[in-house]
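The sequence and the model come first.

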Amino acid sequence: LIVYTNTKPPKKPLPQIPVDKVVFTSPSTLANFLKDYGRIPEGWGILCKGMRTWKSLREAGYDGEILES
């Protein structure tokens, strides 16, 4: 019985409006974003849900804040 699968959604265009902050909820959401777009655009603030996501962000060469639960 499969109750959950982690699948990458289709790539969508980046917003054409200013983005103040982006939230990555897991290491896989960060990895999927970087796979689709190559990088996080300059000027975007980065928020991470949890320490594991923040560590993945740091390993990818970015700095961000950890969202408190």
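## Basis of the model

The model is predicted: local features need pLDDT of at least 70 and side-chain atom pairs count only at pLDDT 80 or more, while totals for chains, interfaces and linings use all residues. Residues are numbered from 1 along each chain as its sequence is written, and side-chain values use heavy atoms, with hydrogens and water left out.

## Overall make-up

The chain contains two helices and three strands. Helices (H or I, at least four residues) and strands (E, at least two) are DSSP runs, numbered from the N terminus. Read from the N terminus, the order of elements is β-α-β-α-β.

The C-alpha trace spans about 45 × 30 × 20 Å along its principal axes. Of the 69 residues, 26% count as buried; buried means under 20% relative accessible area, exposed means over 50%, and partly exposed lies in between (1.4 Å probe, protein chains only). Contact means heavy atoms within 4.5 Å. Among contacts between residues at least 6 apart in sequence, 43% join residues at least 24 apart.

The three strands form an open sheet with the order 1-2-3 and parallel pairing. Strand 1 (21-24) and strand 3 (65-67) are the edge strands, each pairing on one side only. From one strand to the next, the twist averages 35°. Two strands pair if DSSP finds at least two bridges between them. Angles run from 0 to 180 degrees between N-to-C directions, and axes are lines fitted to C-alpha atoms, for helices over the stretch in contact.

Strand 1 and strand 2 run parallel and are joined by four bridges; Lys21 has Gly45 in strand 2 as its bridge partner. Strand 2 (residues 45-49) and strand 3 also run parallel, with three bridges between them. On that side, Leu47 has Glu65 in strand 3 as its bridge partner, and Cys48 has Ile66.

## Crossovers and helices

A right-handed β-α-β unit is made by strand 1, helix 1 (residues 27-37) and strand 2. The chain then crosses from strand 2 through helix 2 to strand 3 in another β-α-β crossover, which is right-handed. A crossover is right-handed if, with the strands pointing away from the viewer, the path from the first strand over the helix to the second runs clockwise.

Helix 2 (residues 51-59) lies across strand 1, strand 2 and strand 3, and runs at about 140° to strand 2.

## The nonpolar core

A nonpolar core is a set of buried Ala, Val, Leu, Ile, Met, Phe, Trp, Tyr and Cys residues joined through side-chain atoms within 4.5 Å. The largest one has eleven residues: Val19, Val22, Phe24, Leu30, Phe33, Ile40, Trp44, Ile46, Cys48, Leu57 and Tyr62. Strand 1, helix 1 and strand 2 are the elements that give two or more residues to this core.

Phe33 lies in helix 1 and is buried, with a relative accessible area of 13%. Not counting residues up to four places away in sequence, Phe33 touches Leu14, Phe24, Gly38, Arg39, Ile40, Pro41 and Trp44. The C-alpha atoms of Phe33 and Gly43 are separated by 16 Å, although the two residues are ten apart along the chain. Tyr62, with neighbours within four places in sequence left aside, is in contact with Leu34, Arg39, Ile40, Ile46 and Leu57.

## Salt bridges

A salt bridge is a side-chain nitrogen of Lys or Arg within 4 Å of a carboxyl oxygen of Asp or Glu. By this rule there are two salt bridges.

One joins Lys8 and Asp36, whose closest N and O atoms are 2.8 Å apart. This pair links distant parts of the chain, with Lys8 in the segment before strand 1 and Asp36 in helix 1, 28 residues apart. Lys8 is partly exposed at 33% relative accessible area, whereas Asp36 counts as buried at 19%. The other joins Asp63 and Arg58, at 3.1 Å from N to O. Here Asp63 is exposed, with a relative accessible area of 53%, and Arg58 is partly exposed, with 45%.
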